[in-house]
Amino acid sequence: MPKLDGSVENIVFRNEDNHYTVARFRLNSSGRLFRDDLTTIVGTLPGVHPGELLTVEGEWEHDPRYGKQLRVVSFVQRLPSTTEGMIRYLSSGLIKGIGPKKAKLIVEHFGEQTLAILEQMPERLSEVRGLGVKDRQQIVKTWIEQGEIKELHLFLQSHDVSINVATRIYKHYGQDSIRVIRENPYQLVQEVEGIGFRMADEIALKLGMPVDSEPRLAVGLKYVLTQAANEDGHCFLHERELVTRGAEMLHVSAEAIMAVLEQMRHDPDIFTEVDSEGEPCIYYAPFWYAESGAARLLRILQQSPDTLPPAPETLWERVFERLKERRILLTEKQRLAVQTAYTQKVSILTGGPGTGKTTSIRALLMFLRSRRVDFALAAPTGRAAKRLSEATGMQGTPYAAKTLHRLLEYTPHDNSYQRNEEHPLPYQFVIVDEFSMVDILLFYHLLKALPRTAHLLLVGDADQLPSVGPGNVLRDLLRSEDVPSIRLTELFRQAQQSKIIVNAHRINGGLLPSTRIEARSDFFFMAEEDPVRAQKLILDLVQRRLPARYGFHPLTDIQVLSPMYRGAVGVHLLNEKLQERLNTSALAEVGWGEKLFRVGDKVMQTRNNYDKGVFNGDVGWIRSINRDTSTVKVEFVEEAGPLFVSYAFHELEELVLAYAVTVHKSQGSEYPAIIVPLFREHRMLLQRNLLYTAITRAKRFCVLVGQPTALELAVQNDRVIQRNTALMERLRRLRQGVEHVQ
């Protein structure tokens, strides 16, 4: 990584919010070819001003507008030592109201001792003629502030903490930054966005905190529980597993973990329960409150009075006859599903694609409207909500579906929902589609917001992958047998004509899909043993073959879904290659870390950002890159229309390219055409429910590319990865009266 020494000639641009800076840099005489030769440096450069001496380290890059420039990764500041440099430094805008004239007065008076005087004896500024009291106060105030930023930057840089992180910390704590870090670096995890346990732990260890100190291990164990929820979907860990994971991650003995765990028995963030086999289960507080609260509130909802107008059998017969006149023919099971939803306070409608879930919902909505029942439609994501509105004919009406976050009126500034037990939703009936995607936390907040007299219908495919977040709510509710549920299994004639739907049901039943080539088929398997050749085939399918043969747009219609991130047919490499092929002549681009983003790129949000109103898995398009303001504008498709979101350059870590995404990230979405690579190197993720979920994302066309043995492995592997949840057991205990409903 190249390292340059020199001085800052001038600042071309600076974003005061994130300190992103473009500066012209004069190299020391030994490093430049010509006397007036200047270099452009860019990056997060807090507290850097013209005249300052810097040592910068970074990577060379080529910008279409500015040419060759050094993207700074780290830098060391040294104050200017010449009188000329000091004048330029003090008049650079560093101190409000001090221009070249006043700066010259100060430097001429104190000479080479100027900066030392400002640092150690600022009261001597009164000696300078032409400098008023206000000027002197402003100089002293600014000098102290700049000193704090520099001190924090140097302090953190000595501990290998990036400039971006240092800037975030200073914005949050100001002059208390170093004190907070020294006293409790783990405080940063809760209070500073973008700082996780690992980074705080690194700082703490470099500051000399003992590896086996109780505060470190206690925070570390909470982090292990949070990671188990976010990465594996667990609501709790068994004590022995928590000890094993904790010892491995924190590099201490199991005995040290057990000792700290014993001390944490009274920690308000930790709950311990014993399972049916007598083994302790350790919960992190948010997941315990969500799981136990969801079970309690669901039971209360079921036992509360029903206020819907009664519907005698004669009325149902008239309704079904009227539906028949409108060419909505319901099977006996669909009729039962509609009646169950209306007569039971809480019910579940489940079934695979083409079995008539949407038709059942449409019939129910017609009945609710005829009975003047206030209802709401909702789904976990904007894409799923938009699709639900279209499928039920409610798009553009007051009944259009909303995301659950929008329905519950989520407010990002205090991370809370405005709809809750004190301020419930104003509906008599709530229908939630794609419920398999709903995790235990969101389910808990939904139940808190429902009036106790309301009805709740949960619609989803229980055979798909579980939610990205913790819990396995739909499966747990079905297994508990505590909620009336109807499973639709009959494939409708129209669905039988789709090989995608037929093969999805074959796979779900443990049978290999039919791969016979037919002229009008919408499902193909292309055998290829070599992953590198398969990568080239996938690229050709996206860029040339599918657009030419079937008219699919390579950017907007075709989605590659891969089981894994790594490898020749993993998400990372496929995204790089697809970007090269599909978006080469972009208007602008920006590199951030190892990522390169271009105008026109398809991107995905990778974590929930409540301030921006975008969530993990949301897909959008980069519409502009503005280097002057250091921002990228992304357009997301929401149920209410396009949503334009602005990202500062340092926030680009939240985005990834989305020409290829994992099957997990595709949940709740449908695409005109999908391509799925299947290889034995994906063995750990070759599961029946993953393949089933992938295929059911395709609306019109599905291509599987890979090894026939990998396809067989996926179909045969019906082992669902176990998640540690206790919702089913809680519901059963409530039904048996072992637990009390309050």
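Helix H13 passes helix H14 in a right-handed crossing, where right-handed means that the near helix is turned clockwise from the far one by less than a right angle. The model is predicted: local features need pLDDT of at least 70 and side-chain atom pairs pLDDT 80 or more, while totals for chains, interfaces and linings use all residues. Residues are numbered from 1 along each chain as its sequence is written, and side-chain values use heavy atoms, without hydrogens and water.

H13 covers residues 313-325 and H14 residues 332-343; their axes lie 12 Å apart at an angle of about 130 degrees. Axes are lines fitted to C-alpha atoms over the stretch in contact, with angles from 0 to 180 degrees between N-to-C directions. The pair is therefore oblique, the class left after roughly parallel (under 35 degrees), roughly antiparallel (over 145) and roughly perpendicular (65 to 115). Helices are DSSP runs of H or I with at least four residues, and strands are E runs of at least two, numbered from the N terminus. Glu313, Trp316, Glu317 and Phe320 of H13 meet Arg335, Val338, Gln339 and Tyr342 of H14, contact meaning heavy atoms within 4.5 Å.

Glu434 sits in the loop between strand S14 (429-432) and helix H18 (440-449). Glu434 counts as buried because its relative accessibility is 10%; buried means under 20% relative accessible area with a 1.4 Å probe, protein chains only. Leaving out residues up to four places away in sequence, Glu434 touches Pro380, Ala384, Arg387, Val459, Gln464, Gly668 and Arg697.

Methods. Buried means under 20% relative accessible area, exposed over 50%, partly exposed in between (1.4 Å probe, protein chains only).
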